[in-house]
Each structure stands twice: as structure tokens, then as C-alpha cells.
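Have a look at the sequence and the fold, then work through the notes below.

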Amino acid sequence: MLAAVWSAAVVPSSVQAQNKGTSLDDFLRYPGDYSQVCDALQLPFPAPIPGFRMLMHGEAGYSTPRMAAMKENRGELIPAIAARLEKVDLARKPKPQPPDKSIPKDQIDIDPIGVDPASYSTLLLAMIEELDAKEVFPQLMKVEEKIHDMLLAVEKDPAAPLPQVDGMQGAGVSTEMPLKEGEEWDTLTPERQQEMDRKQKLFKAQAAQRDILAVLVRSMRKAGYKPMLESGLEKTYGKLLKDRWKDDETLSKYKSAADIPEEDKENVKFDPIHKVTYMAWEPVQIPYSEETRTAILDLAKAYSAGGEKK
């Protein structure tokens with residue numbers, strides 16, 4: 001079996017299923033699965049666009065029963081998600097949440113805590129991704145624009161406030177922090193430590209914005225949206241995917257999704273467009289640019305306004 005980067009504490013489904021609330025707040029506070037990321041992934045700065053999946057998953061995620069309940073209640077959740085995105089205040093710090101009391105403390109090594117329902121969060125974006133919720137793309141793109149504008153403000157003024165995004169704690173994703181010549185980690189000045197800490201926070205805010213772009217693209221690709229599949233972005237993604245995985249000794253043996261061993265299907269995927277098998281936990285890195293961002297948003301606007309399959 002191929003090893004995955006993400007290592008999770010296992011919570012029995014009988015315990016997960018005790019979370020029965022189906023309001024938007026319930027799903028965000030009690031997602032049902034609480035996993036520890038044991039391996040780190042380092043990316044360059046500024047953050048690239050992960051092609052094409054969310055990267056900033058924290059320690060809380062949706063269990064299988066919760067995802068099933070989410071899809072059963074899609075009709076009620078979609079308008080609630082849209083309304084919540086409209087009201088999100090990215091300057092407001094998320095409030096600490098109570099632990100999930102249905103999870104016995106002796107079964108996991110982390111605190112079983114979801115996210116602040118009033119905040120923008122990785123769990124809210126994961127819900128949009130799971131539900132293929134193109135209906136809320138207009139509201140989601142407004143949130144992306146607000147994060148984007150705050151990031152631009154930081155470029156002009158390093159002391160400007162960063163967008164507040166809940167749910168990234170423990171995500172295991174960071175940027176490289178090379179030391180300057182003559183520096184040692186244990187002798188860094190408080191000012192230098194503060195500078196490096198600020199850079200990590202800025203990187204994570206960038207990554208949260210890039211995740212939104214990745215989710216938009218993933219939804220369009222999944223739907224077979226022709227303008228997306230014919231775009232320059234798709235060509236770039238295909239090239240990067242092949243460059244990274246086509247010569248992998250193990251993965252190159254799998255010529256279709258059916259060839260992937262059952263025990264590896266969570267971590268190993270087959271791209272039917274580019275005919276490449278790849279590891280899902282290591283997305284290819286698409287360099288971020290304002291031009292690429294605009295291209296994605298233009299495609300998503302057209303798609304959400306009524307774009308159909310090819």
C-alpha cells in the first residue's frame with residue numbers, strides 16, 4: 001500500500017454518527033472527524049495555487065456520516081451558506097468553540113473542536129467543495145475578493161491586518177524560512193522572530209485565498225465545463241501533472257482509475273483528462289499571478305451564471 005502524507009487518528013463511525021445536528025452551525029461546530037497531521041508540507045513563498053484541491057485542512061474535518069448528512073440536507077444548507085458568506089467579517093477574530101462531547105477523550109490525541117460558525121473557515125470552504133455548490137460561487141468570490149484586497153494592503157503596509165480564517169490550525173502546511181547568512185535559529189532576535197512569524201501568517205492567508213481559487217477550478221473540472229477544459233490554465237495544469245508523476249515507477253503502471261488498488265484509492269487518483277495517475281496529497285504547484293486569478297474568476301462567473309457541461 002502506498003503511504004500517505006496525512007496521518008489521522010481513527011474515530012469509530014459509531015462515535016462519529018452521534019453528531020446529528022444538521023444546521024449549518026452544527027456542521028461547522030461538530031464536523032465529526034478530528035485528525036492529527038503528522039507530516040509537514042513546505043511550499044514556496046508566495047503561496048502557489050494547489051492544482052486542484054484544498055490544501056489548508058486543519059485538524060477538524062467531516063466524517064463519513066456527517067458528509068452523508070450534509071448531502072441529504074443540501075437544499076437547506078445552500079441558502080444558509082450563501083447568507084453566511086455575505087455576512088463574514090474577515091477582520092473579526094474567530095471565537096474559541098466548545099469541544100465535541102460525543103468524542104471520548106481517550107480515543108484521540110487532539111481536541112475535538114470545529115470552527116466558529118460566524119467566521120470564514122476552511123470547513124465552510126470544504127462544505128462548498130463537497131456539495132459542488134456552484135450556487136454560492138458569487139458569494140464565495142466576494143469573500144475571495146475581500147481576502148485578495150487585504151493581502152494587497154499588506155504588500156503596501158506590512159502592519160496592515162491579515163484576514164482571519166478559522167480552521168487552519170494544525171494544517172501542517174508552511175513556507176520555507178531560510179536563515180540569513182550568519183543567523184542561527186536559537187539566537188534570533190525577538191524582532192527577527194516576529195518578522196518570520198509574520199511571514200508564516202501571511203503565507204497562510206495567501207494559501208487560504210489560493211484554496212478558494214482551487215475549489216472553483218475543481219468544481220468546473222468535475223462538471224466537465226468546456227471553457228475550463230479548453231483554457232490555458234488546464235494546459236498548464238496538465239503539463240505540471242505529467243512532469244511530476246508520469247515517470248513514477250509505481251503510479252505509471254495504473255492506466256485508469258480501475259487499476260488503482262482498493263486500499264490506495266483514498267490517496268491515489270487518476271486524472272481522466274490528462275491520463276496521469278497521481279498522489280492526491282501532493283498537489284502540483286501552479287504559480288500564482290493576478291492574471292491567473294482573473295482567468296479563474298472569469299471562468300467561475302460564467303460557470304455559476306449557467307455554464308453547462310461539454
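E129 counts as buried at 14% relative accessibility, where buried means under 20% relative accessible area, exposed means over 50% and partly exposed is in between, with a 1.4 Å probe and protein chains only. E129 belongs to helix α5; helices here are DSSP runs of H or I with at least four residues, strands are runs of E with at least two, and both are numbered from the N terminus. Bear in mind that this is a predicted model, in which local features need pLDDT of at least 70, side-chain atom pairs count only at pLDDT 80 or more, and totals for chains, interfaces and linings use all residues. Residues are numbered from 1 along each chain as its sequence is written, and side-chain values use heavy atoms, with hydrogens and water left out.

- Setting aside neighbours within four places in sequence, E129 is in contact with R53, M54, V215 and R218; contact means heavy atoms within 4.5 Å.
- D211 sits in helix α7 and counts as buried, at 2% relative accessibility.
- What does D211 touch, not counting residues up to four places away in sequence? The list is P50, R53, M54, L55, M56 and L125.
- D211 and L125 are 86 residues apart in sequence, yet their C-alpha atoms are 8.4 Å apart in space.
- I212 is also found in helix α7, which covers residues 190-222.
- Is I212 buried or exposed? I212 is buried, with a relative accessible area of 0%.
- Not counting residues up to four places away in sequence, I212 touches Y120, L125, L140, V143, E144 and I147.
- From I212 to V143 is 69 residues along the chain, and their C-alpha atoms are separated by 9.0 Å.

- Strand β6 (residues 268-271) pairs with strand β7 (residues 276-279) in the antiparallel sense, over 4 bridges; two strands pair if DSSP finds at least two bridges between them.
- Which residues face each other here? F270 stands opposite T277 in β7, and K269 has Y278 in β7 as its bridge partner.
- The two strands β6 and β7 make a hairpin with 4 residues between them.
- K275, in the loop between β6 and β7, has a positive phi of about 55° although it is not a glycine.
- K275 is exposed, with a relative accessible area of 60%.
- From β7, V276 and Y278 point one way while T277 and M279 point the other way, and all are buried.

- F45 and P46 are joined by a cis peptide bond, with omega about 0°.
- P46 lies in the loop between β2 (41-43) and β3 (49-51).
- Another cis peptide bond runs from G51 to F52, with omega near -15°.
- Where is F52? Look in the loop between β3 and β4 (60-62).
- D132 has a positive phi, near 45°, and is a residue other than glycine.
- You'll find D132 in the loop between α5 (122-130) and α6 (137-156).
- D132 is partly exposed, with a relative accessible area of 28%.

**The whole chain**

- The protein chain has 10 helices and 8 strands.
- With 310 residues, a compact globule would have a radius of gyration near 19 Å, and the chain's 20 Å agrees with that; the radius is taken over C-alpha atoms, and the globule rule is 2.2 Å times the number of residues to the power 0.38.
- The C-alpha trace spans about 55 × 45 × 45 Å along its principal axes.
- Buried residues make up 49% of the 310 residues in the chain.
- Of the contacts in the chain with a separation of 6 or more, 82% are between residues 24 or more positions apart.
- The accessible surface comes to about 15700 Å², and 51% of that belongs to carbon and sulfur atoms; the areas come from the Shrake-Rupley method with a 1.4 Å probe, and for residues only the protein chains shown count as cover.
- The chain has 42 positive and 50 negative charges, and their mean positions are 5 Å apart.
- Lys and Arg count as positive and Asp and Glu as negative, while His and the chain ends are not counted; each charge is placed at NZ of Lys, CZ of Arg, CG of Asp or CD of Glu.
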